[in-house]
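Subject: Structure for you to look at

Hello,

Here is the structure I said I would pass on. Please open it first; my notes follow below.

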Amino acid sequence: MHTLNILSNEGDEITMITNLQDRVQLNNGVKMPGFGLGVFQVEDGNVAGPVAEAIKQGYRNIDTAAIYGNEAGVGEGIKAGLEAAGISREELFVTSKVWNGGLSYDETIQAYEDSLTKLGLDYLDLYLIHWPGDNDYQESWRAMEDLYQAGKIKAIGVCNFTTAQLENLLKDARVTPVLNQVELHPRLDQHEVRAFAAKHNILIEAWAPLMQGGLLQDETLTAIANNHGKSVAQVILRWDIQNGIITIPKSVKAERIAANADVFDFELTAEEMATINAMNTDTRVGPDPDTFRF
């Protein structure tokens, strides 16, 4: 693993990956690839090919969820990708998530087992609570803690938690989440959540890092991209990396999967980073965890 310690704009030390397979260390000592493939909104019948392709191209971080309805296809893609790349399961880092329809203790245990069966795996590297919902996650977290302490999961974390929800979880938690996966892009920089997470050694992972395509024609980002001979998507993903944010862009096309990962041969200047940081408007393309209930 090759990593580089740099300072964020707030002066905090963060870890920046330097290639596609670099790993960052979670607060429990487990190492996680800092760049991966997301498969949100990819149908089960169409997901195996992109997952296998990503693994062949060198991706080692695959992110799915029960609610995506594509875990079986992801599992097929993992099997094919491992064979094509000639690597072992242990070289991959696979994430799934428990949905809000079943956050009781027993339902969470069953949901985990169901995800393993669909994926065709013996264990998950990371298991997450998908949404805080109506702040009804304590029993689910207790189940995940037990699965983790029994050695059935390498690490556990959450998605879409605000600082208040993280504070509430930490009051009774026996295990600190390793990660909070949130919507994060230049229009929603999640500065408050990031600052709180940093204080508790919780890493941040970005979903919808490209704002689901909503930033690809942005003039400011286009100008920066032109400075480097890169695409806007590559500039945004590079911004994530230089901020120490784990990022999991989605694509189903081989050329786009490759292009998304082609972000390690240039560096944004401090001025460019500041320009992108100034784009924040707290604009979401997904639900607001403070108001969205399931």
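A residue is called buried here when its relative accessible area is under 20%, exposed when over 50%, and partly exposed in between, with a 1.4 Å probe and protein chains only. L215 has 1% relative accessibility, so it counts as buried.

This is a predicted model, in which local features need pLDDT of at least 70 and side-chain atom pairs count only at pLDDT 80 or more, while totals for chains, interfaces and linings use all residues. Residues are numbered from 1 along each chain as its sequence is written, and side-chain values use heavy atoms, with hydrogens and water left out.

L215 sits in the loop between β11 (203–207) and α7 (219–228); helices (H or I, at least four residues) and strands (E, at least two) are DSSP runs, numbered from the N terminus. Leaving aside residues up to four places away in sequence, L215 touches H185, P186, R187, L210, L221, V232, I236 and M279, where contact means heavy atoms within 4.5 Å.

Most residues other than glycine have a negative phi. Q212 is partly exposed, at 48% relative accessibility. Q190 has a positive phi too, of about 55 degrees, and is not a glycine. Q190 lies in the loop between β10 (179–183) and α6 (191–199), and it is buried, with a relative accessible area of 10%.

Next, a helix pair. The axes of α3 (residues 105–119) and α4 (residues 138–149) come within 7 Å and cross at roughly 50 degrees. Axes are lines fitted to C-alpha atoms, for helices over the stretch in contact, with angles from 0 to 180 degrees between N-to-C directions. The two helices are therefore oblique to each other (under 35 degrees is roughly parallel, over 145 roughly antiparallel, 65 to 115 roughly perpendicular, the rest oblique). From α3, Y105, T108, I109 and Y112 meet E139, S140, R142, A143, M144, D146 and L147 of α4.

Finally, the record: an unreviewed UniProt entry annotates residues 50–280 as "domain: NADP-dependent oxidoreductase". UniProt positions are given in the numbering used here, feature names are shortened, and annotations may be inferred rather than shown by experiment. The span of residues 50–280 is 45% helix and 15% strand, and its end C-alpha atoms lie 31 Å apart.

Regards
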